[in-house]
Structures are given as structure tokens and as C-alpha cells.
Amino acid sequence: MSLKRLYRHMNREIEQIDRFLSTRVHTDHPVIEAASKQLLDAGGKRIRPAFVLLSAGFGQAKDIRLTKVAASLELIHMASLVHDDVIDDATLRRGKPTVMERYDEQVAMYTGNTLFGEAIRLVSEVDSPRVMQIMADTMELICIGEINQIQDQYDWGQSPKRYLDRIARKTALLIETSCATGAVVSGASPEVVKQLRLFGYDIGMAFQMTDDLLDFTAKSFQLGKPVGEDLKHGHKTLPLFYSAEDPEFFDRLQQVNQSSDYATTHTLVREVQRNGTLERSQRTIDRYVNRAIQRLDGLPDVPDKRSLIEIAEYIGKRKW
């Protein structure tokens, strides 16, 4: 089963958000518009809009503001992917050439900035000071996370806390914000908003850790990029933290840099696949998933609560 199938009962709403997004990536510059359209057409899981809609199930109001919030979050996500690809000098994203590969680094950066700008415009149309504050804080922290990711490249001695802070800003924050804003816009109580926000954080952390795990376990055609790309690009992820507890592995890891060849990184990837750290990483993911589900215990038993639990369970065990 795919992630999208878990919220297939919302297909009409998700398709509406996609159609709405297509109207908001229009710009006066043909190159930026084409690059933005390329990102939109590449598809994706649309998990952030799904979390907006599901969290709104705990409130009463359901109107165009939810579509605008969901679209805004997806635009921010798309923009951050473009910037990530520039940082990593990545040529493939979901099995297709990245914006940077198709055009160049400058076009990619300005495309990402344009998407950020449109996201801000959309949020302003929601006319909610609370949502505006949440989104402003989110965008600031995402940018800090991007800078930290640049600074952390090939820093194999970084602390586990640095890794957790980085993935919190890189991935968990946007999912947390999706849950919080969906609940706020729908008029859910402050306590419900708080619990959904905590749920979003935990499941967002599990989502990114699973991505980090899949970089060692999935096939290239599933990832849409080569296996072991995080290691090659100097990103120390959870399996590498656990593997680096072995001094001999850590010594060899420290030798990896921008000029390292495929054979060097492939050898380390193969070792991670055999040394038991992937299973240990999965246990860590399971703890985040279980805590996320527990966050929902005291919330009203609305129909969307079951969907949130099913998505959480799937995220911890997805294969790509």
C-alpha cells in the first residue's frame, strides 16, 4: 500500500489543492514559471496538505482557507527541495532531472525564492494572525536548518543533537506546522492544536529518519536517485551516527570528502547494510511513531483520527 492510498478518501480535496497550486506558480518570467511547473508536475506524496486536511477534522470550519494553507505549505516544501538540490549539487529528484540540472544553480535558487514568496502571499490571504505567526516562525527556522545543513556537510564529528536539530528544521517542522495550521484554521481548541502539533513533530522526525534509512535500504529506482547519496554528499544521518560508534568505521568515514570516489562511499554503504545499525535505526523510528500515536490518545474520536494513526504506522514502515 502507498502513502497516498491511506488518504484516498480525500482525493478530491488533494486534487483541488493541486489545481489551485497550478494557478499560483504562474509568473511573468517564462523560465521561472517553467521551472516551477516542472516541480509541480513531478508530483509527490502531498503529505503536508493531507495533514492540514486531517487535522482540520478536529474543528468545525472547512473552507477555502484550508486549501490556501495547504498549498502554501506545499510551496514551501517545493522551494526547500530546490534549495536542497543546489546544496547537494543533485542531478536527480524523483528519478527526473532537478531544476538545477535542467537550468542552472541561479535559476534554481530564484525559483525556490519565488515559491517562498508565493507561499507568503497565500498565507496573507488566510487573514489569521495566528497562522501568519506560525508560518513566519516556520520559514525562519527552515532557513536556519538549510544553513546548518550546509555547515554540517562532511563534518563527521558533529553531535547527535546537531543531527536531531537539523532534521527537525528540515522535515519535522513543516509537518508539525501542517497539523497546527489545519487545526487552527478549522477552529479546534488550543489543547487540540497543541497535541496535533506534538504529533506532527514526532511523525515528522520519524518521516525524515525513515528517509535516511531508505538511503541505505531502498533501490535506486524507488528512491529516484542513487543509493547512498546522503553519505556521498556529506550528510551524517542516523545509521552513520550508529555506525560511527565503531572507531575503525569512524576513521574511514572521516576520510570521505567532496572528491571521494564512488568505490570509497560504496564500501561504507555496504558495511552499514551489514553491521546491524539499520535495525537499530528502525527501533529509534518506532519509538517516535509510537510516541506520535500516543499524542492522539486524549483527542476526540473524530473519523480523521483513525487516518492519522494509520499514516503514522505506515510512515514508520514504508519501503520508499
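**Note on the predicted model**

1. Glu105 is partly exposed, because its relative accessibility is 43% (buried means under 20% relative accessible area, exposed over 50%, partly exposed in between, with a 1.4 Å probe and protein chains only). Glu105 sits in helix α7, residues 105-126 (helices are DSSP runs of H or I with at least four residues, strands runs of E with at least two, numbered from the N terminus).

2. This is a predicted model: local features need pLDDT of at least 70, side-chain atom pairs count only at pLDDT 80 or more, and totals for chains, interfaces and linings use all residues. Residues are numbered from 1 along each chain as its sequence is written, and side-chain values use heavy atoms, with hydrogens and water left out.

3. A surface patch of negative charge brings together Asp89, Glu101, Asp104 and Glu105. Members of such a patch have over 30% relative accessible area and no salt bridge, and like charges are joined within 9 Å (a salt bridge puts a side-chain nitrogen of Lys or Arg within 4 Å of a carboxyl oxygen of Asp or Glu).

4. Leu173 belongs to helix α9, residues 160-186. Leu173 counts as buried because its relative accessible area is 9%. Leu173 and Asp89 are 84 residues apart along the chain, and 24 Å separates their C-alpha atoms.

5. The protein chain holds 17 helices and 2 strands. Its radius of gyration is 19 Å, close to the 20 Å from the globule rule for 320 residues, so the chain is as compact as a globular protein of that length (radius over C-alpha atoms; rule: 2.2 Å times the number of residues to the power 0.38).

6. Along the principal axes, the C-alpha atoms of the protein chain fill a box of roughly 55 × 50 × 35 Å. Of its 320 residues, 54% count as buried.

Conventions: Patch = residues over 30% accessible without salt bridge, like charges linked within 9 Å, V, L, I, M, F, W, Y side chains within 5 Å. Areas by Shrake-Rupley, 256 points an atom, 1.4 Å probe, with all protein chains shown as cover. Lys, Arg positive; Asp, Glu negative; His and termini not counted. Charge placed at Lys NZ, Arg CZ, Asp CG, Glu CD.
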